[in-house]
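Subject: Structure handover

Hello,

Here is the structure I said I would pass on. Please open it first and then read the notes under it.

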Amino acid sequence: MPLVNTGWLISSYGFDDVYANESGQRFADATGKVAAGIMLEDITYIDWMAQQLKIIGIWGTNDASIVKNGHLENPTSNIAKYLTDKDFALEVNYEGTINLHEQLKLIPSVAYIHLDLDESTWGISNIEDAWRIALVTEYTY
């Protein structure tokens with residue numbers, strides 16, 4: 001399968017556009033997945049803060065029989081990285097940008113991922129939702 005190895009900047013939690021490079025812990029990359037989402041950008045309720053909201057649905061495209069028949073090396077470490085055609089995830093990201101100075105920004109961020117795995121494929125019935133709450137300081141010069 002052809003693959004371009006680059007950041008998939010669709011989200012700030014599950015994929016490569018993340019703070020502190022934590023995507024290896026979540027979905028890792030777009031391989032074997034298809035996603036659709038909506039982004040509301042530059043929402044301004046407060047004059048000094050711009051906000052952004054992303055809602056993304058992610059469906060797996062890999063064959064579930066790969067996991068069921070034991071052909072996936074160490075399946076428990078590949079959960080979410082290897083989504084089957086019976087798996088789904090929902091990601092919600094909210095970020096605000098507060099311009100403190102021309103070169104200094106404060107970015108509060110809340111992200112949430114709900115992972116719905118097929119129990120008959122993975123043999124797991126209780127997956128906890130993932131949360132990230134961060135406060136990022138961005139200084140450019």
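Asp42 is exposed, with a relative accessible area of 59%; exposed means over 50%, buried under 20%, and partly exposed in between, with a 1.4 Å probe and protein chains only. Asp42 sits in strand S1 (residues 33–46). Strands (E, at least two residues) and helices (H or I, at least four) are DSSP runs, numbered from the N terminus. Although Asp42 is not a glycine, its phi is positive, about 55°. Most residues other than glycine have a negative phi.

Two notes on the source. This is a predicted model, in which local features need pLDDT of at least 70 and side-chain atom pairs count only at pLDDT 80 or more, while totals for chains, interfaces and linings use all residues. Residues are numbered from 1 along each chain as its sequence is written, and side-chain values use heavy atoms, with hydrogens and water left out.

Next, the strands. S2 (residues 49–60) and S3 (residues 88–99) pair in the antiparallel sense over 11 bridges; two strands pair if DSSP finds at least two bridges between them. Trp59 has Phe88 in S3 as its bridge partner. S3 also pairs with S4 (residues 104–116), in the antiparallel sense and over 10 bridges. There, Ala89 stands opposite Leu115 in S4. A hairpin through 4 residues joins S3 to S4.

What holds Glu138 and Lys105 together? Their side chains meet in a salt bridge (3.9 Å, N to O), that is, a side-chain nitrogen of Lys or Arg within 4 Å of a carboxyl oxygen of Asp or Glu. Glu138 lies in strand S5 (residues 130–139) and Lys105 in strand S4, so the pair ties together parts that are 33 residues apart in sequence. Glu138 is partly exposed at 31% relative accessible area, and Lys105 is partly exposed at 29%. The count of salt bridges comes to 1.

Last, Thr121. This residue lies in helix H2 (residues 119–122). Is Thr121 buried or exposed? Thr121 is buried, with a relative accessible area of 7%. Leaving out residues up to four places away in sequence, Thr121 touches Ala64, Val67, Lys68, Thr84 and Lys86, where contact means heavy atoms within 4.5 Å. Its side chain also makes a polar contact with the side chain of Asp118 (2.5 Å). A polar contact is a pair of N or O atoms within 3.5 Å; within protein, one must be able to donate a hydrogen and the other to accept it, and residues adjacent in sequence count only if both atoms are side-chain atoms.

Regards
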